[in-house]
Amino acid sequence: MADNTIKKYQTFYEPELNQTFVSEITVDSATQSGFDDVVSAYNSLTQYLQGYQEVPEHIAPSAYSMMGASFVMNDVFDHYSQEATLLTHVTVFISSSLSLLGEIIDIPLHVEVSFADGSSAILNIVSILPNGDIELELASAKDVDNNTISTEASGYTDGLYRFTAGGESAIQEFMAAASRYGVGVCRQGSCFSGETEVDMNCAWVGDVYTCTVTGKKETVIPN
């Protein structure tokens, strides 16, 4: 599939030399035609997947919205696994693959999605079932300022973040996502609830709005 060519080989064993030899033979026209169909279907599918597909705002306004909220993430997955044009391309790919090999060719595929706030995510197509159902998983996500959006609590407890483009709304999305993972971010005296508390301090550094997140020290009460 890498260079859109198919080759066929035959092997034969030479007892006197105790060696197996491999030679290339001509691919029959039916196999070549089937392979060409698979290549065409694959190219159409990958071309459709290239470039960001926008997530409707009512499903998820931000990639941050998915973090710590499995139902939102699943809503995004469902939206794309049921998207008519994608399903058409997938169905053609499955049909040509099954016709050629009797099984679905296992090739890494992903969907690049964007959100109304400028954040984005990459969704891996984990599997394509014979009935055309698509299983997706989140591979990665970033916000409009290119900050990595973490899927774990540890990703919100410290670090340096840029919010020049995203501004206050991106900061609020960050804090809300952190809260869903149990991390309460405190900023300018306002705190989101969470079992772990951290401080966020923001300031302009030149023309870049930078926020630093640092873990709060535990208050030790003497005996």
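Biologist: Helices (H or I, at least four residues) and strands (E, at least two) are DSSP runs, numbered from the N terminus. In which strand is Glu 112 found?

Modeller: Glu 112 is in strand β4, residues 109–114. This is a predicted model, so local features need pLDDT of at least 70 and side-chain atom pairs count only at pLDDT 80 or more, while totals for chains, interfaces and linings use all residues. Residues are numbered from 1 along each chain as its sequence is written, and side-chain values use heavy atoms, with hydrogens and water left out.

Biologist: Is Glu 112 buried or exposed?

Modeller: Glu 112 is buried. Buried means under 20% relative accessible area, exposed over 50%, and partly exposed in between (1.4 Å probe, protein chains only).

Biologist: What is the nearest side chain of opposite charge?

Modeller: Lys 142, 8.8 Å away. Lys and Arg count as positive, Asp and Glu as negative; His and the chain ends are not counted. Glu 112 has no salt bridge, which is a side-chain nitrogen of Lys or Arg within 4 Å of a carboxyl oxygen of Asp or Glu.

Biologist: Which side chain does a polar contact join to Glu 112?

Modeller: His 110, at 3.3 Å. A polar contact is a pair of N or O atoms within 3.5 Å; within protein, one must be able to donate a hydrogen and the other to accept it, and residues adjacent in sequence count only if both atoms are side-chain atoms.

Biologist: What's the strand order in the open sheet?

Modeller: β3-β4-β5-β6, 4 strands with mixed pairing. Two strands pair if DSSP finds at least two bridges between them.

Biologist: Which strands stand at the edges?

Modeller: β3 (53–54) and β6. Each has a single partner strand, so one side of each lacks a neighbour in the sheet. β3 pairs with β4 in the parallel sense, over 2 bridges. Gln 53 has Val 113 in β4 as its bridge partner.

Biologist: New topic. How many aromatic pairs are there?

Modeller: The whole structure has 7. Rings of Phe, Tyr and Trp (its six-membered ring) pair if their centres lie within 6.5 Å; planes under 30 degrees apart count as stacked, over 60 as edge-to-face and the rest as tilted. Tyr 161 and Phe 163 are stacked, 6.3 Å centre to centre with 25 degrees between the planes.

Biologist: Why is the pair of Phe 163 and Phe 174 edge-to-face?

Modeller: Because their planes are at 75 degrees, with the centres 6.0 Å apart. Phe 163 sits in the loop between β7 (159–162) and α4 (167–180), and Phe 174 in helix α4. Both are buried.
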